[in-house]
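Visitor: Hi! Could you walk me through this one while I have it open on my screen?
Guide: Happy to, let's bring it up.

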Amino acid sequence: EENPDDEQLMRSAFKLSLSAGLVEPSLALARKIDGAGIKDPIANLLLVIRSVQDKNYGAARDRLAVPQDKGMAAFAAPIAVAWAAFGVNDVDGALSSLAQLKDGDGFGVLRQLQEGLINDLGGRPEAAEAAYRSLMQNSADTPVRIIRAIGSFLERQGRANEAKDIYEER
């Protein structure tokens with residue numbers, strides 16, 4: 001209360017509030033941090049999430065236009081940008097954002113799954129299937145989430161027998 005504009009105090013209060021699961025107070029602090037011109041990637045991501053929840057994809061995309069190259073934001077931002085782009089019907093922009101996640105960085109599987117989902121929802125079944133199948137080939141023990149994604153995709157494509165085979169193989 002004595003130092004409401006103290007940067008370190010705002011950051012600490014924000015992190016404590018967020019770690020306690022207090023979403024609305026955390027959002028208020030994130031807005032205050034942002035309004036003070038303080039660069040905080042986690043506060044920024046929280047504001048992005050709120051923009052997406054409010055279906056304000058353009059604002060989310062604008063907020064993520066600033067490169068995020070540290071910590072969790074380094075991999076979360078390209079995914080958030082991709083889905084914000086998808087939200088404004090920019091499938092190519094979404095896929096371009098995901099291209100920032102490189103295989104060598106350990107994010108290849110995450111990138112391929114998101115590419116499959118975006119292509120699937122974006123009406124590009126051939127590209128979606130290629131991404132899903134690549135996921136299955138690149139992993140000896142394909143996670144259940146990926147099996148479900150490709151199985152569901154195949155079922156929606158009228159290929160239930162192929163989906164059944166995949167479920168049974170894995």
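Predicted model: local features only at pLDDT ≥ 70, side-chain atom pairs only at ≥ 80, totals over all residues.

Visitor: What percentage of the residues is buried?
Guide: Of the 170 residues in the protein, 39% are buried. The accessible surface comes to about 9900 Å², and carbon and sulfur atoms account for 51% of that.

Visitor: What about contacts between residues 24 or more positions apart?
Guide: If you take the contacts with a separation of 6 or more, 43% of them join residues 24 or more positions apart.

Visitor: Let's get to packing. At what angle do α1 and α2 pack?
Guide: Helix α1 (residues 7-19) and helix α2 (residues 23-35) pack at about 155°, and their axes are 9 Å apart. Angles over 145 degrees count as roughly antiparallel, so α1 is roughly antiparallel to α2. The crossing of α1 and α2 is left-handed.

Visitor: Which residues make that contact?
Guide: On the α1 side they are M10, R11, A13, F14, S17 and L18, and on the α2 side P25, S26, L29, A30, K32 and I33.

Visitor: There's a proline in there. Where is P25 found, and how far is P25 from F14?
Guide: P25 is in helix α2. P25 and F14 are 11 residues apart in sequence, with their C-alpha atoms 8.1 Å apart in space. P25 is partly exposed, at a relative accessible area of 41%.

Visitor: Now the other end of the chain. How do α8 and α9 cross?
Guide: Their axes come within 10 Å and cross at roughly 150°. That makes α8 roughly antiparallel to α9, and α8 passes α9 in a left-handed crossing.

Visitor: Which residues meet there?
Guide: P125, A128, E129, Y132, R133, L135 and M136 of α8 meet I146, I147, A149, I150, F153 and L154 of α9.

Visitor: OK, cores. How many residues are in the largest nonpolar one?
Guide: The largest nonpolar core has 13 residues, and L113, Y132, M136, I150, L154 and I166 have the most contacts inside it. The elements giving two or more residues to this core are α8 (125-137), α9 (144-156) and α10 (160-169). The largest share, 6 residues, comes from α9.

Visitor: Switching topic: where does R50 sit, and is R50 buried or exposed?
Guide: R50 is in helix α3. Buried means under 20% relative accessible area, and R50 counts as buried because its value is 19%. Apart from neighbours within four places in sequence, R50 is in contact with V23, E24, L27 and R31.

Visitor: Last one, backbone angles. What is phi of K55, and what is phi of N89?
Guide: Phi of K55 is near 60°, a positive value in a residue other than glycine. K55 lies in the loop between α3 (41-53) and α4 (57-63), and K55 is exposed, with a relative accessible area of 61%. Phi of N89 is near 65°, again positive in a residue other than glycine. N89 lies in the loop between α5 (73-87) and α6 (91-98), and N89 counts as exposed at 71% relative accessibility.

Visitor: Great, thanks!

How values were computed: Residues numbered from 1 in each chain as written. Heavy atoms only, no water. Core = buried A, V, L, I, M, F, W, Y, C linked by side-chain atoms within 4.5 Å. Buried < 20%, exposed > 50% of the residue type's maximum accessible area, 1.4 Å probe, protein only. Helix = DSSP H or I, 4+ residues; strand = E, 2+ residues; numbered from the N terminus. Contact = heavy atoms within 4.5 Å. Areas by Shrake-Rupley, 256 points an atom, 1.4 Å probe, with all protein chains shown as cover. Axes fitted to C-alpha atoms, helices over the stretch in contact; angles between N-to-C directions. Parallel < 35°, antiparallel > 145°, perpendicular 65-115°, else oblique. Left-handed = near helix turned anticlockwise from the far one by under 90°.
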